[in-house]
Amino acid sequence: MLTLTPTYSFPFSAKPLNIRTHFKVCANGFPSFLPKQVDNIKDSFARNLAQRIERLPVQLTSSETSIMSSCVRPMMQGKTDPIVLLHGFDSSCLEWRYTYPLLEEAGLESWAIDILGWGFSDLERLPRCDVVSKRNHLYQFWKSYIKRPMILVGPSLGAAVAIDLAVNHPEAVSKLILIDASVYTEGTGEMANLPRLFAYAGVALLKSVPLRLYVNLIAFNDVSFSTSVDWMNIGRLHCLFPWWEDATVAFMTSGGYNVVPLIKQVKQQTLIIWGEDDKIISYKLALKLHGELQDAKLRQIPDCGHIPHVEKPNSVADLIIKFAQQNCGTLSRV
C-alpha cells in the first residue's frame, strides 16, 4: 500500500529556477500536447505530475531543428547536485509519480526527463532514435538546462542509458543510481534483423492492453486489478502518439543498448537499488553488477518487484535523499 503525504513545501534556502517554456494548458489542467486519454487516468499522483509536464527545445546537432523535449522540471535549485530521473524501456516520466514529490519535499532539485523516442516529446519530425541519438539528446538537454554535474537515476533499461552517458560524458554525471538495472542484455537481439513489416507488428504488440496488463502482473507484487488497469493506462499513454511506433521500431532495429563493456569503466560512485522479489531481472545480476562497478553500494527493498519507485516510493526516495546528501558508505538497508 502506498503511504504518501507530499505537501510540496520547499526549504527557504532553495533558489527558484527560471526557465522559459511555452505550452498551452487545456481546461482540465493538462498540457494540450498530451493525448486526450490522460483525462481517463484516475491516479491522483499521475494526474498531478502529468499537469507539470513541459516541452523544452533541445537541439541535437547544429544542422537539425530543435526537438521539443518533454520533462518535469524542478521549482527550485537545491544545495546538492541535481537529481535527474530517467525511466525504463518504452515508458515516460510518469513512472516517477509517487517518488518525485517526495524528493521535492526533501528540497532536492529534481528533473524527470523523457528519453528520446519515448515519453511525450514532439517527434513529428522523427530524428534517429538509436543509442547515439538518445545519448546526444540527453547530453544536449543537460548542457542547455541543467548545466551542473547531476546524480543520474536509471531504472531498468534506463540504467543502461545512465551508464552510457556516465562513461561517454563523465563531466555531466557526479553519481549514479541504478534501479533493478537491465544492463546485461546485449542489444535488442533478433529484433534488429527483422524485416520492417515484422518489426512493426512486434512493436504494435507492445502497446496492447493484454500485454501491458501481463507485464504489470509480473512487475509488481499484490496489486489489485483496478489499480493494475489504471497503471496500464498510465504506462501506455505515450504510445498513443502517431510517431510512437516509428520511433520504437527505429530503436529496436538499430540494435539497442549493449553497455556490458562499459560497466567496468564507470568511475562515478554508484548506488544500486533492487526489489527483493524482482521476477523480471534476477538478483544474481545485481550482485554481478555490484562486483563489476568500481565504487558501488547495493541496497535491497523487501517485498518489492521490478519497479520500486512505483511500488515502494518512500523507500526509494529515502535512499536517493541519503545518497544525494551524504557519502554512499553511510547508507543502511531499508
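## Reading salt bridges and a helix crossing

Student: E245 comes out as partly exposed, with a relative accessible area of 24%. Why isn't E245 simply called buried?

Tutor: Buried means under 20% relative accessible area, so at 24% E245 counts as partly exposed. Keep in mind that this is a predicted model.

Student: Which residue forms a salt bridge with E245?

Tutor: That's K207, with the closest N and O atoms 3.7 Å apart. This pair links distant parts of the chain: E245 sits in helix α8 (residues 244-254), while K207 is in the loop between α5 (196-206) and α6, 38 residues away. K207 is partly exposed too, with a relative accessible area of 23%.

Student: How many salt bridges does the structure hold, and where would I look for a buried pair?

Tutor: There are eleven. D164 belongs to helix α4 (residues 157-168) and R135 to helix α3 (residues 131-146), so the pair ties together parts 29 residues apart in sequence. Both residues are buried.

Student: And how do I read a pair inside one helix?

Tutor: An α-helix has 3.6 residues a turn, so residues three or four places apart point the same way. Here, D318 and K322 both lie in helix α11 (residues 313-325), four residues apart, about one turn of the helix. Their side chains form a salt bridge at 3.3 Å, N to O. D318 is partly exposed at 34% relative accessible area, and K322 is partly exposed at 26%.

Student: Now for helix packing. At what angle do α6 and α7 cross?

Tutor: Start with the axes, then go to the residues. The axes of α6 (residues 209-219) and α7 (residues 225-235) come within 9 Å and cross at roughly 115 degrees; the crossing is right-handed. From α6, V209, R212, L213 and N216 meet F225, S228, V229, W231, M232 and G235 of α7. That contact divides into six nonpolar, three polar and one charged residue.

Student: Which residues of α7 are buried, and what do they pack against?

Tutor: S228, D230, W231, M232 and I234 are buried. The buried residues of α7 pack against α6, and also against α1 (44-50) and α10 (308-311).

Student: Where does pLDDT stay under 50?

Tutor: Look at the mean, then at the individual stretches. The chain's mean pLDDT is 87, and 87% of its residues reach 70 or more. Still, pLDDT stays under 50 over residues 1-14 and over residues 328-334. The model has 30 contacts beyond four places in sequence for residues 1-14, and 23 for residues 328-334.

Technical notes. Residues are numbered from 1 along each chain as its sequence is written. This is a predicted model: local features need pLDDT of at least 70, side-chain atom pairs count only at pLDDT 80 or more; totals for chains, interfaces and linings use all residues. Side-chain values use heavy atoms; hydrogens and water are left out. Axes are lines fitted to C-alpha atoms, for helices over the stretch in contact, and angles run from 0 to 180 degrees between N-to-C directions. Helices (H or I, at least four residues) and strands (E, at least two) are DSSP runs, numbered from the N terminus. A crossing is left-handed if the near helix is turned anticlockwise from the far one by less than a right angle, and right-handed if clockwise. Contact means heavy atoms within 4.5 Å. Ala, Val, Leu, Ile, Met, Phe, Trp, Tyr, Cys and Pro count as nonpolar, Asp, Glu, Lys and Arg as charged, and the others, Gly among them, as polar. Buried means under 20% relative accessible area, exposed over 50%, partly exposed in between (1.4 Å probe, protein chains only). pLDDT is the predictor's confidence in each residue, from 0 to 100. A salt bridge is a side-chain nitrogen of Lys or Arg within 4 Å of a carboxyl oxygen of Asp or Glu.
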